[in-house]
Amino acid sequence: MTVIDRLFRPVPISILCVVLFAAGLAFAQLERPDDRGVAPIDGSGSYEVSGVHVDVAARNADQARNGGWREAQRKGWKMLWARVNGKPVENAPGLPDSTLDSISGGIVVEKEQIGPNRYIATLGVLFDRARAGELLGVKGAMRRSAPMLVIPVQWSGATPISFERRTEWQKAWARFRSGNSPIDYVRVSGTGADPVLLNAAQSRRPGRGWWRMLLDQYGAADIVVPEVTLFRQWPGGPVIGKFVARHGPDGAVIDSFTLTAENADAMPAMLDRGVDRIDRSYTRALQEGAFRADKSLVIETPAEEVPIDDVLAEIASAATATITVQADTPDAATLRSTEGALRGMTGVTGVQTGSLALGGVSVFRISFSGPPAAFREALAARGWQVEDAAGGLRIRRGGVTPPAQ
């Protein structure tokens, strides 16, 4: 067989299929970002009241819907007041619609039926935290946890999935409005490098080095891993969800429970209930002190021991003053004598000749460890006549008079 025959001989069908399958997987992972990532719908600190039922009749559909939303604001305000103050809804004070409009942040449609002149719906109402706080009588700041990185893991068919692919569990956490919770959740969208860094395998990795890098990158201080395992009884039948609330890099179990949905259409609502219950479990753990900081997740740089001589040298250099000194230098011998006298003074750390003029006046820059006044007194004590001159000092030997001009 020639070389040409070997190069162009037919490729076995099995090998070709394996190569094409691997290429398809790579394409699916790298070129289909639309299959991953769900951005959180609300990161604000609004109060939310959900499950507000309204049934309003009017002349037309628009009036019925507007009337339903008005009624939802009134009912939602009373439900929020009762929840915050721990009292019955009947004791909540009523507010005029103009005030409710000013503190309401929006209406969330959970379920609605619109007729020609009737509106039946289950709504959620958002209230601005800053504006509603005074009317609610909220005093002081709510205790909040350290920033918690959320890695939701869904088990389905014995396969764990986090951000590798868009899941219903991730969508539920994206729908969750964290403003009502004392837990400071750090929720990522699941796009970009998130599927690689925050995958299901990472949630079970005990190594602290990689965890510290991830927490630093996402601006968090600790980790929570809410898990759900879905069991389908039969196609189109009930869906059972087993929920586990984990905390920390070691996956400590905070709480576990089971919920059931009638069918696949009711599963999102079941997952929303699971998120809310897991949040309550984390909140209870925070109040009981179970959310203790893991010291192994904190990057601490040991303090370096510095010799005392270096510390004293830094203090001395920080207090060093630079002083300009003018002196008569009629000849080289006088120049050397003056430099030597200045270098020999206590506190002088350096003498530089800024301007040399033999037969005239030379200028020296003196580095002195102390205030200029102390240097001036030291010169006078050594017999120098000292005068102020051009932002510096003019020195002459005692008994020497300046030449006549």
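**Close-up views of the predicted model**

**View 1. In strand β3, L123 is the bridge partner of V52.** The model shown is a predicted one, in which local features need pLDDT of at least 70 and side-chain atom pairs count only at pLDDT 80 or more, while totals for chains, interfaces and linings use all residues. Residues are numbered from 1 along each chain as its sequence is written, and side-chain values use heavy atoms, with hydrogens and water left out. Helices (H or I, at least four residues) and strands (E, at least two) are DSSP runs numbered from the N terminus, and two strands pair if DSSP finds at least two bridges between them. Strand β1 and strand β3 (residues 118-127) are paired in the antiparallel sense over 9 bridges.

**View 2. Three strands make an open antiparallel sheet in the order β1-β3-β2.** At its edges stand β1 (47-57) and β2 (104-114), each of which pairs on one side only. On average, and with direction ignored, neighbouring strands of this sheet are turned by 25° against each other. Helix α3 (residues 61-85) lies across β1, β2 and β3 and runs at about 140° to β1; such angles run from 0 to 180 degrees between N-to-C directions, with axes fitted as lines to C-alpha atoms, for helices over the stretch in contact.

View 3. Strands β11 (residues 320-329) and β13 (residues 360-369) run antiparallel and are joined by 10 bridges, and G360 in β13 is the bridge partner of T329.

**View 4. R343 lies in helix α11 (residues 332-343).** With a relative accessible area of 47%, R343 is partly exposed, where buried means under 20%, exposed over 50% and partly exposed in between (1.4 Å probe, protein chains only). Neighbours within four places in sequence aside, R343 is in contact (heavy atoms within 4.5 Å) with V348 and V351. From R343 to S367 there are 24 residues in sequence and 9.7 Å in space, C-alpha to C-alpha.

**View 5. The model holds 9 aromatic pairs.** The rings of W77 and F127 have centres 6.4 Å apart and planes at 65°, so this pair is edge-to-face. The pair links distant parts of the chain, with W77 in helix α3 and F127 in strand β3, 50 residues apart, and both residues are buried. Y282 and F291 form a tilted pair, at 5.7 Å centre to centre and 45° between the planes. Here Y282 is buried at 0% relative accessibility, and F291 is buried with a relative accessible area of 13%. Rings of Phe, Tyr and Trp (its six-membered ring) pair if their centres lie within 6.5 Å, and planes under 30 degrees apart count as stacked, over 60 as edge-to-face and the rest as tilted.

**View 6. Ring pairs link W169, W173, F176, Y185, F243 and F257 into a cluster.** A pair of aromatic rings is described by the distance of the centres and the angle of the planes.
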